[in-house]
Amino acid sequence: MPTIPFDSRLERREAALLAMWAFLVTEALFFGPLFFGYVHGRIANPAAFVSASHPMHVVLGTLNTALLMTSSLTMALAVRGAQQGKAIRLWLALTALLGLAFLGIKASEYWMESSEVAKASGAELTFYFLYFAMTGLHALHLTIGIGVVAWLWRHAARFGREYHAPVEVSGLYWHFVDVVWVFLYPMFYLLERYNA
Amino acid sequence: MVTVTNYLSDGFTLRSWLTTHDHKRIAVLYMVAITAFFFLGGAAATMIRLELATPQGDLVSADTYNKLFTVHGVVMVWFFLIPSIPAVLGNFLVPLMIGAKDMAFPRLNLASWYVYVLGGLFTVAALVAGGVDTGWTFYTPYSTRFTDSNVILVILGVFIVGFSSILTGLNIIVTVHKLRAPGLGWFRLPLFIWANYATSLILLLATPVLAMTLVLVALERFTGIGIFDPALGGDPLLFQHLFWFYSHPAVYIMILPAMGVASEIIPCFARRTVFGYRFMAYAILGIATLGFLVWGHHMFVSGQSMYAGMVFSMLSFLVAIPSAIKVFNWTATLYKGSIFFSAPMLYALGFVGLFTIGGLTGLFLASLALDVHLTDTYFVVAHFHYIMVGGSVMMYLGALHFWWPKISGRMYPEMLGRIAALTLFLGFNLTFFPQYLLGWLGMPRRYHEYPPEFQLLNLFSSAGAAVLAVGYLLPLGYLGWSLFFGKRAPANPWGATGLEWQTPSPPPKHNFEEQPVVTRGPYAYDPVR
């Protein structure tokens, strides 16, 4: 049943996809000042950024990257499944669980890093400020994403060949959140390796 | 007697308004809200002009004065000017002008209004709690380290209202892309649609940058670490770059919709098609694009690189080209037209003149050497008020008059409309032209006292503000009066060509009784013989 103001479900789907793409452009610019601030801070204080990144847990960060990339795969499979009218609950559940695992590991990292932050001084603090602001904002986005995927899981029976725009739109959002992490990972975890 | 249900008679309870999904009703909700904020910001301006009537700082203390101009700026920029034309008239007219039943996302549209109100409540709470004294620009490190006023609360308000802008912009963009009537190609769109479309792009691209920048200011203030305070290894110029990356395009958020309105009114009351339609559309896009590349001209004396200053100066001059195209084309539209000096037309003609003065004085400020003398003086204040008040507010009022029959179903009293337009034009020039002279003579902005030799010009300015106040109260009075006592408006009182005039006034709930089909370009006016 198409809703006002659209004449057809197809029209409505196209509008939803366009809206999400436009929203993601806004999101990218929302992260923009943080990335800009990072570049500025690192150019101004390269040594402090490297020393501040020393206590970062590269293994956990790499594991988390792998988890998120896998969740993008399961999300893509959920979208594909919905378009083909197949069952998607398994893929959605895996996606949400991978996201939750990421958040769990991230939280334990925060816990371990808090003592290092207490010892930091000068521009190292700038590094940690950006680290917590950027990964925190990313985690907030991921939390919202997990909520959305859980909602999709609950209403999975409604989606099929005819109607799957919500799955597609959520998929776009999920991939965006993952792409942000792909930038955050080298910026905070791999500094020392680059400079060595 | 047959009663046809229109959008106004679709429910009379408060609940029917506060839960509506109808873009026209949401537009009216916005109109009420921004009018309240306009008079709040106007009250602060009144206090400022009263204080500046005498050289001594005798009415309010320096601290209170700082808070007054901050309130004035914050309220007028984010709670009146930015939502004014897009959220009120854009909301009302975009679906009507393109032959759609509603905005693409009606519920999101209503949510945007609630977000706006929530942001407004935070800002008002900050004012009640004692106000803010940073100026609307929140420059660091003053805002993060030194001031003891309610910075975080106001920042929250501005942050929240930003999402209202973003969501409105998103809605307009998707609506224009996906809901145009059959036959309505891009180059048959009215210029008002082009203007709101370009404005929405800016809203989408610039607002999030401000939002995050303000979050960073609040975090820095809250935690004592950050990236803007030099004492913490940060850089205050970084803040200024980020702030103006939003706030310069924000000027175009305010002026582009006004240009769109002028491009509707002038052809209608000159009974001619707009001159150079495609150039007008491209000029709108050109201004929107160039607007993103000129933010550094706010920072000529702030210590940014001299070479950056030169590039920003040159790019700022370039904005004059599409702007001039618009002014020349409006003028050329009048040439050999059959001009009717109706109230909306008086607003539009006033707008063209004031925008031209505001634009030309912008070139003074874009040139590096002159800007060193003029920056942070009343010349700057006069310049941006010519654009924002002489441009945007004049055209917001012009638009309200032009589409009032469509919005309310009633005609406003024409003679009072003309008198108000002239009062505003005269009052505006009396208020702000002396400020150019004051700035040129070196009077700095943002002080509550000044040397006695500046008093005469300041008195002119304060007197002008009183005239302006009358000019703003007049429409409030007679437009309100016309809601109950005005003559019933026909569907198309001006003989205008847009789709919005082909449906009854006020329009029915879903705008058109049957889907309109477009077979020709806009502004197909026949000359009056």
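Two residues are in contact if their C-beta atoms, placed from the backbone, lie within 7 Å. By this criterion, 28 residues of chain A are in contact with 32 residues of chain B. The structure is a predicted model, in which local features need pLDDT of at least 70, side-chain atom pairs count only at pLDDT 80 or more, and totals for chains, interfaces and linings use all residues. Residues are numbered from 1 along each chain as its sequence is written, while chains are lettered from A and ligands numbered from 1 in the order in which they are written.

On the side of chain A that touches chain B, helix H1 (9-44) and helix H5 (123-154) each supply at least two residues. H1(A) provides the largest share, 18 residues. The composition of this side by class is tabulated below; the polar class includes Gly.

| Class (members) | Residues on the side of chain A touching chain B |
|---|---|
| Nonpolar (Ala, Val, Leu, Ile, Met, Phe, Trp, Tyr, Cys, Pro) | 18 residues |
| Polar (the others) | eight residues |
| Charged (Asp, Glu, Lys, Arg) | two residues |

Chain A contains seven helices and zero strands, where helices (H or I, at least four residues) and strands (E, at least two) are DSSP runs numbered from the N terminus. Its C-alpha trace spans about 60 × 30 × 25 Å along the principal axes. Of contacts in chain A between residues at least 6 apart in sequence, 83% join residues at least 24 apart.

H1(A) has 36 residues and reaches 52 Å from its first C-alpha to its last. A kink of about 35 degrees lies in H1(A) at Gly32(A), shortly before Pro33(A); the bend is the angle between axes fitted to the seven residues ending at a residue and the seven starting there.

Key. Expected span 1.5 Å × (residues − 1).
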